[in-house]
Amino acid sequence: MDMKSARAAIFSRIEREILPDAEKRIKALQPFSVEGIPFGSKPTAKAFGPDGDLRFDIGLWDGTRFVPFEKPVQFPLDSSILGLVYPKELGTNLRNVYAHYTPVTRRLDRVEVHDYFYTSRTDDKTVREKALGLLAAAVARRYPAGRVTTGVRYTRYAEQYLVITEIGAREFAAAGAAEAAALCGR
């Protein structure tokens, strides 16, 4: 079976067996924004549409079948979506924002914000004191913990410091987990 035929067969089964319950679950949730991030929104790229290859998250084609992804697959978002500006003593930084969508209904449920600081413009101590957790703290102050989760990771590279801030919507993440469990049982 080729990839196109396999995808069509899997997609039609997902549409019949999983999508109706997933749509009911997701329609009960109210979309909301966190610092400009529209949780519960759908991606606009054509590939996510009704006839698109990314409509459902089924895995990577290995030549004979779709192998489920081991890690959640994330997609780039416009980095200007967030307005947080770091203190000027950190120098200019590069920001990338990555979105994760629920596997069946394709709703935004989690983002990762990658802020890179250059070693030539700042130092490890300054980044740890001034940047690490700044975005997560700002989100935690403004949004209820019952709806929004945050997390922070830090990595020191040879020429950059990387601060990763995870922001998630609990309700949409729970819906996504239920969708993923249904996909695994298909």
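Biologist: To begin, is D115 buried or exposed? And please go on from there to the charged pairs.

Modeller: Happy to! A word on the ground rules: this is a predicted model, in which local features need pLDDT of at least 70, side-chain atom pairs count only at pLDDT 80 or more, and totals for chains, interfaces and linings use all residues. Residues are numbered from 1 along each chain as its sequence is written, and side-chain values use heavy atoms, with hydrogens and water left out.

Now to your question. D115 counts as buried, because its relative accessibility is 0%; buried means under 20% relative accessible area, exposed means over 50%, and partly exposed is in between (1.4 Å probe, protein chains only). The partner of D115 is R95, and their side chains meet in a salt bridge at 2.7 Å, N to O. Here a salt bridge is a side-chain nitrogen of Lys or Arg within 4 Å of a carboxyl oxygen of Asp or Glu. R95 lies in strand 6 (residues 93-101) and D115 in strand 7 (residues 108-118), so this pair ties together parts that are 20 residues apart in sequence. Strands (E, at least two residues) and helices (H or I, at least four) are DSSP runs, numbered from the N terminus. R95 counts as buried too, with a relative accessibility of 11%.

Let us turn to another pair. R153 forms a salt bridge with E166, and their closest N and O atoms are 2.2 Å apart. R153 belongs to strand 8 (residues 148-156) and E166 to strand 9 (residues 160-169), so the pair ties together parts that are 13 residues apart in sequence. R153 is partly exposed, with a relative accessible area of 36%, and E166 also counts as partly exposed, at 25% relative accessibility.

Salt bridges can share partners as well: R13, R16 and E17 are joined into one network in this way. Within that group, the side chains of E17 and R16 meet at 3.9 Å, N to O. E17 is partly exposed at 42% relative accessible area, whereas R16 counts as exposed at 55% relative accessibility.

To place these pairs in the whole, the structure holds twelve salt bridges, and the ones I have described include R95 with D115 and R153 with E166.
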